[in-house]
Amino acid sequence: MPGFSNSFLVMVDKEISDHVKSWKFIIVVALILLTTFGSLYSILNIIRENAALINKGDNFLFLKLFTATDGNLPNFMTLISFLGPILGIALGFDLVNSERNRGTISRILAQPIPRDYFITSKFTAAVIVILLLVFSVGFLVMGMGLLSIGLPPTLGEFLRICIFLFLSTIYIAFWLSLGILFSIIFEQAATSALASLAIWLFFTVFYSMIVNIVAQSLSKNPFQINHLTVILSRLSPNYLYDELTTILLTPSIRTLGGLSFQQLQGAIPSALSLDQSLLLVWPHFTALIAASLICFAVAYLLFMRREVRA
Amino acid sequence: MSNKLKASLLFLLLFLLIPFTLVVNAAGNEIILYTPYTGLSVTPGEGINYDIDVINNSRLIQNLSFKVKDLPAGWDYNISSGGKSIEKLAIKSKDFKNENDKSLDLEVNVPLKIEKGNYHFTVIATTDDGQNFQLPLAVKIAEKGIFETEFTVEQNNMEGYSDSTFSYDTTLRNRTAEKQHYALKADAPQGWDVRFKEAGSYVTSVTIDSGESKTIDVKVEPAVNVKADNYAITVEANSGTTAKKINLEAVIKGKYGLDLTTPSGRLSQQIVAGKSKELNLKIKNTGTITLRDIKLSATTPSNWSVDFEKDKITKLEAGESTTVSATVKASDQAIAGDYQLSIKTNTPEATAAADFRITVKTSLIWGWVGILIILAVILVIFYFVKKYGRR
């Protein structure tokens, strides 16, 4: 069927331009840029003040641009973990129901295109926008850091940052899929937005409290409580992402969660190589990608089975 | 009358002559040679200085020449007065009171090479008219004089390790009559280094004046791979005409030494958690004595194990090395990153340890499981697209 893939690209193109021109996108991007510059400024100050302590190549100075904080402004890593979901939800919550409410969906589907193009093109376009945005902001931070401190990153640092940015994209894509899923389920855009935000709020604020209560009610042994808390927390995509990025951007962390004395004995403090850091967080990596894909798959399935001709 | 006259004339002549004869006899004491030291005891090579007073008891000024008679062979002398070397010396007559004497310096050099005993010689003063006046002198040589070199060492036996430097203090004395130029050489076992130090510098020859001595420090460095034993070193000072050897003894004490490393010298390894890895260890006897019963042991992080191919090396000769393989098994709970592992070899006499830095890698299995899960999810999505895509 010639022209089919071409029509898909046209649809993606149109979606991207819709996103970029929309107010909600501009507002979220402005918010992200503002906070990014704020955190970058405070980090560069920290680095400048402690220049004497910096030993090049030894303490992964470049990664500090993403992980260091002076306590007032969150670092870039925390910022993405907090604002990323909002960006994803903002891009996804009204993608399907607004078209349905305006009645444009039946007009699009009247075109000679496969039905799933409607949903996949929306998803692809949003992911491309997120990818571009995350990488732009990340490289902006790297560029500003390079200008300011004058030391180039090592290859390992650069790769870690690239993987971190890629993972951030996947993490945001998870919230995007969730937003799309709710925009299919709920007829009203406002309901879908509230539902998405409720889930986000639940995982960011309340989930850790619930986990603490549950863990403490299940056990009295502090070590066991700690262990339970970690396991239950990992059900939250926020926690997964935080743990993942922290380990990826801090090579000196050698393990997740608690360490036994047996494991500590004879261990020499050392930085992990990139592949070892990746292996350490590989389950997180897998879970995050799988969660995003499953979320998309569910949305896809729901959309395809739904009657659109009202 | 003629006979009687002849007899009386002869008698008269006799009377006339007697006073003259008396005068001639009295001439035996006209010159007196005097020194208090008529018998001396000296050592070979010493110079004797006699201070001789020459007194003129005649009424005439006496012009005297001096010589020394019966001086033993090899001896020589020198006569001077008032700092001048003299041939003749004139002395005022008895009429000049207190001015009728002169002092004479006689220097006699006793040779170095001389038998001990009593030696006699005579100083003779001869007047212009041929009268001789004598002063006999005696010299006793208390010891035998030699023409040779004396080379002595205070302590010729020293003990040390193979890396010690032995230092012998020797004294080289020139007991010949001439200045000598000595070449110094040593005869030491192969690989040994012998050097001579004089007045702070290393030298190969020394010049010593007659009768003088110099202190020479003989520095001996044993060969690198020397075995424990007694070694003799001969040191010789040779000037061509005279030579002297001394024997030095160096006792090398055995030393115990052990070294532990790997054949490549690399002390870092990578290991996968829960898996084992073979390490090759190189054990070397760096000492000079054979080591027996070398035990191998390891200090590991907990739940790690190290199995040695053999726990004990029965015998290792000095300077030899042997290779032992060890199998290290990492704990399956080990976290990624570096761990320290110490391997120790010891005998009652020596010990050596090596610290290994083992980098633990986590198993790739779970990585593959993760990839499979993602692939499965993607397959499910493809299945949906195929089934519901309504192509």
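Two strands count as paired here when DSSP finds at least two bridges between them. Helices (H or I, at least four residues) and strands (E, at least two) are DSSP runs, numbered from the N terminus.

## About the model

This is a predicted model, in which local features need pLDDT of at least 70 and side-chain atom pairs count only at pLDDT 80 or more, while totals for chains, interfaces and linings use all residues. Residues are numbered from 1 along each chain as its sequence is written, and chains are lettered from A, with ligands numbered from 1, in the order in which they are written.

## Strands of chain B

Let's start with E13(B), residues 166–175, which has antiparallel links to two strands. Six bridges tie it to E11(B), residues 148–153, and B:Val153 faces B:Thr170 there. Eight bridges connect E13(B) to E18(B), residues 213–221, where B:Leu172 is set opposite B:Lys214.

Chain B also holds an open sheet of five strands, ordered E1-E3-E8-E5-E6 with antiparallel pairing. Its edges are E1 (31–34) and E6 (84–85), each of which pairs on one side only. Within the sheet, E3 (residues 47–56) and E8 (residues 101–109) of chain B share nine bridges, and B:Asn49 has B:Glu107 opposite. As background, side chains in a regular strand alternate between the two faces of the sheet.

## Two residues with positive phi

Which residue has a phi near 50°? That is B:Ala199, a residue other than glycine with a positive value, placed in the loop between E15 (193–198) and E16 (201–203) of chain B. B:Ala199 counts as exposed because it has 10 C-beta neighbours inside 10 Å.

## Nonpolar cores

A nonpolar core is a set of buried Ala, Val, Leu, Ile, Met, Phe, Trp, Tyr and Cys residues joined through C-beta atoms within 7 Å. The largest one has 97 residues, and those with the most contacts inside it include A:Phe66, A:Ile130 and A:Leu288. Helix H8(A), residues 155–185, is the top contributor to this core with 16 residues. A separate second core has 21 residues, among them B:Ile31, B:Leu64, B:Phe133 and B:Leu135.

Contact means that two C-beta atoms, placed from the backbone, lie within 7 Å. Beyond its neighbours within four places in sequence, A:Phe66 touches residues including A:Phe76, A:Val141, A:Phe164 and A:Leu249.

## Where the chains meet

How many residues does each chain bring to the contact? Chain A brings 29 and chain B brings 32. On the side of chain A, H14(A) supplies the largest share, 12 residues. That side divides into 17 nonpolar, nine polar and three charged residues; Ala, Val, Leu, Ile, Met, Phe, Trp, Tyr, Cys and Pro count as nonpolar, Asp, Glu, Lys and Arg as charged, and the others, Gly among them, as polar.

Pairing also crosses between the chains: E1(A) and E28(B), residues 337–346, are antiparallel over two bridges, and A:Ile268 has B:Asp338 as its bridge partner.

## A region from the record

For chain B, an unreviewed UniProt entry lists residues 365–385 as "transmembrane region". Over those residues, chain B is 100% helix and 0% strand, with the end C-alpha atoms 30 Å apart.

Notes. UniProt positions are given in the numbering used here, feature names are shortened, and annotations may be inferred rather than shown by experiment. A residue is buried if 20 or more other C-beta atoms lie within 10 Å of its own, exposed if 12 or fewer, and partly exposed in between; C-beta atoms are placed from the backbone.
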